[in-house]
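Good morning, colleagues. Please look at the display first.

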Amino acid sequence: MTLDQLDLLLSQVQKPARYTAGEMGAVVKTLTPGMLRYAFCFPDLYEVGMSHLGMKILYGHANRRDDVWCERVFSPDADMQTAMEEMGVPLFALESLDPVKDFDLIGFTLQYEMCYTEVLNLLNLAGLAIRAKDRTDPFPLVVVGGPCASNPEPLADFIDLVSLGEGEEVSDELFDLCIQAKKEGWDKPEVLRRAAQIPGIYVPSLYDVTYNEDGTICTITPREGAPAVVSKRVITDLDSVYYPENFIVPFLDIVHDRAVVELFRGCNRGCRFCQAGFLYRPIREKSFETVAKDAKNLIESTGYDEIGLSSLSTSDYCGLEPLLDSLLDWTEEKHVNLSLPSLRIDNFSESLMEKVTRVRKSGLTFAPEAGTQRLRDVINKNITEQNVTDTCRTAFLGGYTAVKLYFMMGLPTETLDDIKGIADLAQKVVDLYYSMPERPKGKSVSVNISVACFVPKPYTPFEFEPQDSMEALREKQKYLLSCVRSRKISVSYHDSATSVAEAALARGDRRLCQVVEGAFLRGSRLDGWDDHFKPLAWQEAFEEAGLDPDFYARRRRSYDEVFPWDHLDYGVTKAFFIREHQKAMQAATTPSCFAGCNGCGAQRLTGGVCKCI
Amino acid sequence: MYIKTVRIFFSKSGRAIYISHLDLMRAMTRAFSRSGLPVWYTQGFHPHLYITFALPLSLGTTGLCESMDVRLLEEVSDEEIISRLNAALPEGVQAVSAGEPVMAPKEIMWADYHVHLRCVVSEGRQALERFVALEEIPTQKRSKKGMKTVDIKPMLKILSVEEQSDGLMLKLRCRAGVEINLNPTLALDALTEITGFKSDWTTIERFAILNEALENFK
């Protein structure tokens with residue numbers, strides 16, 4: 001596409017800067033013969049995709065090679081898609097404006113299940129066949145990665161390859177394979193066959209799946225030399241792995257508009273509902289020096305005025321306080337803010353609070369996740385009511401008057417007592433505030449309860465559990481509201497209409513491909529956005545495919561059932577999940593990895609024990 | 001303490017015309033931060049870069065004589081300001097000159113635009129002739145209190161109309177400044193409204209900003 005054509009498109013749309021690129025840090029290369037062209041697609045709007053750290057890392061990582069040019073692709077919003085379709089402009093990559101269908105490799109990062117129809121939409125906008133078998137040329141090759149690649153079966157018919165685990169570890173091998181394939185003119189079956197030999201690359205079309213009469217999976221059988229089990233790739237040493245010294249700095253105000261440094265990957269906690277906590281194991285930290293260096297590099301190169309520290313549980317980072325001290329030394333002088341997400345209730349110390357306060361005094365957010373001790377033990381949150389009140393006391397003494405508490409609803413074994421417990425806990429926080437003579441003078445307290453619907457995910461101890469019904473969840477929401485008596489407490493919840501589809505897709509098999517396609521053909525795209533989600537389209541797509549969403553979402557699964565993702569190995573073993581599930585049913589907790597190894601199995605992949613300090 | 005205001009003129013073209021004014025302010029703040037120039041930050045609870053723009057530019061319009069003021073804490077030569085800033089600016093935004101401000105932004109009265117209308121020449125000419133002959137051009141203009149009708153005739157001068165192979169090139173002079181400001185797009189909308197003429201494609205470039213005496217804003 002020429003800039004002139006782009007001008008014509010952009011004159012018709014809102015927020016044209018989503019589609020123009022030209023930001024500082026965007027990589028523009030001169031094409032050379034044999035250069036591999038890689039379109040990295042985030043199947044959501046620019047503002048969402050540009051906030052994603054993984055994309056920044058993999059973009060820089062690919063572009064450090066002279067023989068690869070990685071460009072970005074985001075979803076056009078509805079107005080842009082209409083304008084493109086009217087003008088017959090196919091999906092293009094931002095940096096070169098070249099059509100995506102002319103690229104060699106098309107990568108999609110799957111961050112959440114509700115992006116699946118958007119993957120199909122983007123393939124279709126690119127002018128490509130959405131089914132992999134109808135794309136007979138070897139290139140472009142469609143590869144997916146990200147957390148939802150851990151069960152890619154509902155997309156199995158549309159994609160060529162799946163990259164399991166950490167992209168920095170496997171990308172180069174995949175690029176080399178593609179470059180060789182192009183040079184030697186391999187056909188598509190050969191490319192797929194050879195790709196399946198790369199550790200961490202899963203080729204869905206090389207596996208046959210058979211089903212039992214009850215609809216569960218009977219066997220998953222590899223063909224043509226593909227491995228019976230594909231294990232995810234893992235970076236062993238986070239201090240030596242590539243990390244960008246530069247981010248693309250967008251013009252638009254994106255969701256997370258700041259420099260981000262990583263503290264560690266994995267999580268030591270083992271909360272039983274949390275897929276990320278298990279998928280990214282084993283826990284590996286970056287040294288304090290590496291993080292400090294990354295932060296300084298990024299601020300200098302981007303000009304950002306904020307640094308975010310990224311991990312699953314910031315306050316569990318071993319060297320957090322010394323790191324904060326060293327960052328605060330220069331950030332204050334340079335007018336740079338620090339943001340500290342994911343703080344835990346049980347280790348929020350007074351000195352940590354002082355540092356947070358030096359950074360920015362807004363509200364504090366904590367996640368008790370469940371209202372009663374029994375249920376917190378079931379989910380292995382490992383925090384007590386005492387932890388909650390102690391932390392809030394610390395915060396109030398520090399001058400805070402607003403606290404936000406995150407909870408989930410629809411957790412396994414949950415009863416109305418647990419729902420009432422949410423309101424009771426919030427009330428205790430309010431009462432605590434007024435019982436403190438040292439509370440901030442003349443100010444009222446506000447406790448905000450935010451409640452999300454629990455969706456059981458694969459690779460967690462709750463992968464065996466049925467999802468709560470929508471009716472039950474609505475009843476519980478009503479009941480929670482009736483339990484709240486104080487005007488200091490506000491309740492917000494996501495009445496998640498998408499959660500049934502999300503639950504079905506999360507633990508779905510490849511028969512769901514027909515449902516995803518059916519929903520797409522009925523106009524579904526960007527399903528994660530309330531104003532786009534079409535519940536009826538999904539319902540009809542399930543009916544047309546003769547499949548029942550409840551079979552996937554609301555069925556209790558036995559320990560010996562073959563799961564659609566059983567041939568994909570993310571380290572933590574099914575035996576561990578069964579053990580954890582049994583403990584959950586007895587409300588027995590499992591301590592943090594830091595207290596001793598619980599034998600989850602993740603360490604197998606790095607050939608040793610977890611590297612935690 | 002050394003504090004000196006410096007006015008920097010820059011151009012905004014190519015892909016950068018799609019950076020909105022609000023986004024441009026953010027982009028400039030970051031560019032100054034990357035440049036390492038010793039710029040002054042406000043001293044409040046949330047310090048931010050002190051930066052003011054003389055006359056915001058509409059989204060989608062090219063600007064050749066845009067200007068912004070910042071305060072410097074150390075003596076830096078004009079050439080160095082330009083070179084350090086240009087090394088930190090995104091594609092399409094380029095610093096052109098720097099120096100001590102001569103005029104106050106409130107002195108701005110007019111802005112000149114090149115308007116390229118891609119159209120059938122005769123149709124464009126006809127429509128413009130009708131438009132120019134009007135005594136009054138009542139136009140719906142958005143104000144803080146909602147839509148109101150204003151006569152834009154006194155705010156607008158067509159300086160020249162030149163024929164080109166693919167249409168017409170106009171030179172428009174529009175009232176500009178804090179009090180009264182006419183966006184050329186609004187004038188073109190009025191042209192369409194009144195005459196029914198619509199170009200296939202329009203590009204607009206602001207090439208001069210003037211005071212009452214028609215001197216370039218400095």
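I begin with the second largest cavity, which has a volume of about 60 Å³. A cavity here is a set of points, on a 1 Å grid over the protein atoms alone, where a 1.4 Å probe fits but cannot get out, and lining residues have an atom within 4 Å of a point. Grid points are joined across faces, edges and corners, and a volume is the space filled by probe spheres set on the points. Before going further, I note that this is a predicted model, in which local features need pLDDT of at least 70 and side-chain atom pairs count only at pLDDT 80 or more, while totals for chains, interfaces and linings use all residues. Residues are numbered from 1 along each chain as its sequence is written, chains are lettered from A and ligands numbered from 1 in the order in which they are written, and side-chain values use heavy atoms, with hydrogens and water left out.

Which residues line the second largest cavity? They are Phe10(B), Lys12(B), His21(B), Leu24(B), Phe53(B), Leu55(B), Pro56(B), Leu57(B) and Glu66(B).

Phe92(A) leads us to the largest nonpolar core, of 122 residues, where Phe92(A), Leu105(A), Phe108(A), Leu110(A), Leu161(A) and Trp538(A) touch the most other members. Helix H6 (residues 167-184) of chain A gives the most to this core, with 7 residues. A nonpolar core is a set of buried Ala, Val, Leu, Ile, Met, Phe, Trp, Tyr and Cys residues joined through side-chain atoms within 4.5 Å. Buried means under 20% relative accessible area, exposed over 50%, and partly exposed in between (1.4 Å probe, protein chains only). In soluble globular proteins, nonpolar side chains tend to be buried together.

What of H6(A) itself? Its 18 residues should span 26 Å at 1.5 Å a residue, and the end C-alpha atoms are 25 Å apart, which agrees; the expected span is 1.5 Å times one less than the number of residues. Among its buried residues are Val170(A), Leu174(A), Phe175(A) and Leu177(A). Gly185(A), with a positive phi near 65°, follows H6(A).

Helix H9 (residues 288-302) of chain A brings the two chains together in this account. Val291(A), Leu298(A) and Ile299(A) are among its buried residues, and the cover over the buried residues of H9(A) includes H1 of chain B.

In chain B, Ile82(B) belongs to helix H2 (residues 78-88) and is buried, at 13% relative accessible area. Beyond its neighbours within four places in sequence, Ile82(B) is in contact (heavy atoms within 4.5 Å) with Ile8(B), Ala95(B), Val96(B), Ser97(B) and Ala98(B).

Lastly, some backbone details of chain A. The peptide bonds from Phe139(A) to Pro140(A) and from Arg281(A) to Pro282(A) are cis. Asn382(A) has a positive phi near 55° and is partly exposed, at 25% relative accessibility.

Methods. 1 Å grid on protein atoms, 1.4 Å probe; cavity = no way out; pocket = protein on both sides within 12 Å on 5 of 7 lines; lining within 4 Å. Helix = DSSP H or I, 4+ residues; strand = E, 2+ residues; numbered from the N terminus. Contact = heavy atoms within 4.5 Å.
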